[in-house]
Amino acid sequence: MRKVWAVIRREFLERVRNKWFVITTLLAPVFMIGVAVLPSVLMTGGGRVNQIVILDDAGGTLAERMRTQLERTGRFKALILPTRPEQVSTRSDSLANDDRVDGYLILGRATIEEGTAEYRGRNVSSLRDMGALEGTLRQSVVVERLIGRGIDPATVQEAQRRIELRTQRISRRGAGGESGEASFFLGYGVAIVQYMIILVYGIAVMRSVIEEKQTRIIEVLVSSLKPFQLMMGKVIGVGSVGLLQFSIWSLAGILMVRYRVPILRSFHVSPEAIAAFRMPTISTELLAITIVYFLLGYLLYSALFAVVGAS
């Protein structure tokens, strides 16, 4: 057993002291924070008020309704500019060169009947701003259509009030606090991470065997210990590195979930986006099952990779 422990110690220290182990171990939590924060930052869009111009080629009350609804969102401040069809191109070029304007919305005569409009701006990458603009346009056009047909928009709006279906995972202890989507993405993410670690460290075992065969070091090693002891030492040593790295990533993920509110606030994410950011509950049973599946999967595939390397 002392000989096996010597192989385990060598394989473990050789990889832990490698600079790539340190880099990948530190970059993974940063990547997790980026994946969690980036959608919320894109939804927030910086939190500034966009100055836009509405080129009104349609006439009527649609442009005024759009301006009122956009300013209520707190994301836009709009100015209406009545425009004839032949003036749209000229005024578009002028507004595109005006640094005081973030964008302009073109409302034509076909906007109400056909539902077509065009927005050109510098903030089109903000998902929240574009969602607010599209939602406001859709609501305003629907109201104009209803009024044109003599239907009370308030009655239709009341009938179309949003219905929210909340899903929760149930277990023997009752209904859980996480949604079905959160549980799915948690399981999917854990499976992907396990697959990557098992594949990377399984290949590391194979490369170690191949390198020692090419340099004929394995002939010296086999003269002092059995081939099974050598393979077991390599598998356990490299697997300990993977388990250590997986544990560090799991701890970083738990800390990120626990302190997600201050982390998101440090990136100036809005309170609405923070409230919408929900993470599933990570139970002790889940951690235990994850570790067991990792160990069993790693032992199986690392042994197969070692056999391939030896052959």
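Trainee: How many bridges join strand E1 to strand E3, and do they run parallel or antiparallel?

Mentor: Five bridges join strand E1 (residues 50–56) to strand E3 (residues 103–107), and the two run parallel. Strands here are DSSP runs of E with at least two residues, helices are runs of H or I with at least four, and both are numbered from the N terminus. Two strands pair if DSSP finds at least two bridges between them.

Trainee: Before we go on, what kind of model is this?

Mentor: This is a predicted model, where local features need pLDDT of at least 70, side-chain atom pairs count only at pLDDT 80 or more, and totals for chains, interfaces and linings use all residues. Residues are numbered from 1 along each chain as its sequence is written, and side-chain values use heavy atoms, with hydrogens and water left out.

Trainee: OK, back to the sheet. In what order do the strands sit?

Mentor: It's an open sheet of four strands, E2-E1-E3-E4, with mixed pairing. The edges are strand E2 (76–82) and strand E4 (118–121), each pairing on one side only. On average, neighbouring strands are turned by 20° against each other, direction ignored.

Trainee: And how do E3 and E4 pair?

Mentor: In the antiparallel sense, over four bridges.

Trainee: Which helix lies across E1, E2, E3 and E4?

Mentor: Helix H4 (residues 88–96) does, running at about 165° to E3. Helix H6 (residues 127–148) also packs on the sheet, touching E1, E2, E3 and E4, and its direction makes about 50° with that of E2. For those angles, axes are lines fitted to C-alpha atoms, for helices over the stretch in contact, and angles run from 0 to 180 degrees between N-to-C directions.

Trainee: Pick a residue in H4. What does Ser 92 touch?

Mentor: Ser 92 lies in helix H4. Not counting residues up to four places away in sequence, Ser 92 touches Leu 55, Tyr 104, Ile 106 and Arg 120, contact being heavy atoms within 4.5 Å.

Trainee: Why does Ser 92 count as buried?

Mentor: Because its relative accessibility is 3%.

Trainee: Switching topic: which residues have the most contacts inside the largest nonpolar core?

Mentor: Ile 54, Met 66, Leu 70, Leu 107 and Leu 133, in a core of 16 residues. A nonpolar core is a set of buried Ala, Val, Leu, Ile, Met, Phe, Trp, Tyr and Cys residues joined through side-chain atoms within 4.5 Å. E1, helix H3 (62–73), E2, E3 and H6 each supply at least two residues of this core, and the largest share, five residues, comes from H6.

Trainee: What is Met 66 in contact with?

Mentor: Leaving aside neighbours within four places in sequence, Met 66 is in contact with Ile 54, Leu 105, Leu 107, Leu 133, Thr 136, Leu 137 and Ser 140. There's also a second, separate core of 15 residues, which includes Phe 21, Ile 198, Val 205 and Ala 306.

Trainee: Now helix pairs. At what angle do H10 and H13 cross?

Mentor: Helix H10 (residues 227–258) and helix H13 (residues 284–310) cross at roughly 145°, with axes coming within 10 Å.

Trainee: And H1 with H10, what's the angle there?

Mentor: Helix H1 (residues 2–16) packs on H10 at about 40°, with the axes 8 Å apart.

Trainee: Last one: how many helices and strands are in the protein?

Mentor: There are 13 helices and six strands. Buried residues make up 33% of the 311 residues.

Technical notes
Buried means under 20% relative accessible area, exposed over 50%, partly exposed in between (1.4 Å probe, protein chains only).
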